Amino acid sequence: MENAGDTSTRRVAGKPRVIVTRHLLPSIEARMEELFETRLNRDDLPMTRDELAAAMRECDVLVPTVTDRIDAELIVQAGERLGLIASFGTGTDHIDLGAAAARKIMVTNTPGVFTEDTADLTMALIIGVPRRVREGTALIRQGQWTGWAPLAMLGRKLGGKVLGIVGLGRIGQAVAFRARAFGLQIRYHNRHRLPPAVESMFGAEYVEDLDRLLADSDIVTLHCPATAATRGLIDARRIALMKPGAALINTARADLIDYEAMIDALESGHLGGAGLDVFPDEPQVDPRLIALPNVIAQPHIGSATIEGREASGEKVIANIRFWADGHRPPDQVLEALV
């Protein structure tokens, strides 16, 4: 057993008790039931705060999703046996990592499994907004299409346009790889510049000043994590810097954008359109966004593929097994305090 005094790597006698907060793929749930003492949520109703608190008092491992807010208050109330929060998904902003560390509760996630899926959806929005796909579909569905005409449904071509990527990590790089095939010029902003070899791979130009990137881009797509530093990153001032008619794409986190300012810019015509997969008050979506014909709104489906969800579930299982056997899981997010 590693580090006998460290509860984060303790070996669990027998099968660990695992509580899963949402309904997962049947193959993943069946494997969990085989390996662990597992309590599932096949009704798939989001747990209330009281239900989450009760679960955290009773289990060795909690398997939440990005929709479960595991804050400091819940973690403080957790039972002594809770040693692992094995989150299903890449993001960890829904978990108070500091509070977990203080309680010596390990946190794991499932990085990398949704990279290609999210990049695919992002690229669909990058294409769909300037080519007015939502408006064209609506014409057909509403029986208002009167036939082809030289000036009908004119959009914007992609080739030669500047795509500004805010955050050239895994997903940002996967988007850049796809976008380059469409003839887009790739520029990016990161906290730190990437090595020249990586830039060359994607034909990407580094822009140190985010304001300049926004001002120079025809399409801006966001791929940075939601942190205290990035919350409200794209605010009214920065939206005003964007080119008239530019498109804004967000498949990352709603907290990155001031949605009120974005809606104002869309309604005024300053922004040419938006492609959105995340919203501040999910599952509620501001009716003003729904009413705008130049907005493609998707119900948080960036990671919604069978293959991705299966791979994520397999990572959760692997993380639990490593932890229960007294080893550090491969996807540990935070080193537990000793």
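## Exercises on a predicted model

Cys 224 has 11% relative accessibility and therefore counts as buried. The structure examined in these exercises is a predicted model.

**Exercise 1.** Determine whether Cys 59 is buried or exposed, and state how many disulfides the count gives.

*Solution.* Step one is the classification, for which the cut-off for buried is under 20% relative accessible area. Cys 59 has 0% relative accessibility, so this residue counts as buried. Step two concerns the bond in question: a disulfide joins the sulfur atoms of two cysteines covalently. The criterion is a pair of cysteine sulfur atoms within 2.5 Å. Under this rule the count is 0 disulfides.

**Exercise 2.** Identify the strands that pair with β1, and the sense in which they pair.

*Solution.* Begin with β2 (residues 37–39): β1 (residues 17–20) pairs with this strand in the parallel sense over 3 bridges. Within this pairing, Arg 17 has Glu 37 of β2 as its bridge partner. Between β1 and β2 the chain passes through helix α1 (residues 26–35), giving a right-handed β-α-β crossover. Next, consider β3 (residues 61–63), which also pairs with β1 in the parallel sense over 3 bridges. Here the bridge partner of Val 18 is Val 61 in β3.

**Exercise 3.** Trace the salt bridges of Arg 288, and classify the accessibility of the residues concerned.

*Solution.* Arg 288, at 28%, is partly exposed, and Asp 286, at 24%, is partly exposed.

**Exercise 4.** Name the residues of the salt-bridge network that contains Glu 205.

*Solution.* Start from the salt bridge between Glu 205 and Arg 212, whose closest N and O atoms are 3.7 Å apart. Glu 205 is partly exposed at 37% relative accessibility, and Arg 212 is partly exposed at 41%. The network links Arg 187, Glu 205, Arg 212 and Asp 216.

**Exercise 5.** Locate Trp 148 and describe the nonpolar surface patch to which this residue belongs.

*Solution.* Trp 148 is situated in the loop between α6 (133–141) and β6 (162–166). Its relative accessibility is 74%, so Trp 148 counts as exposed. Together with Ile 140 and Trp 145, Trp 148 forms a nonpolar patch on the surface with about 470 Å² of accessible area.

Conventions:
Residues are numbered from 1 along each chain as its sequence is written. This is a predicted model: local features need pLDDT of at least 70, side-chain atom pairs count only at pLDDT 80 or more; totals for chains, interfaces and linings use all residues. Side-chain values use heavy atoms; hydrogens and water are left out. Buried means under 20% relative accessible area, exposed over 50%, partly exposed in between (1.4 Å probe, protein chains only). Patches are made of residues with over 30% relative accessible area and no salt bridge: like charges are joined within 9 Å, nonpolar side chains (Val, Leu, Ile, Met, Phe, Trp, Tyr) within 5 Å. Accessible areas come from the Shrake-Rupley method with a 1.4 Å probe; for residues, only the protein chains shown count as cover. A salt bridge is a side-chain nitrogen of Lys or Arg within 4 Å of a carboxyl oxygen of Asp or Glu. Helices (H or I, at least four residues) and strands (E, at least two) are DSSP runs, numbered from the N terminus. Two strands pair if DSSP finds at least two bridges between them. A crossover is right-handed if, with the strands pointing away from the viewer, the path from the first strand over the helix to the second runs clockwise.
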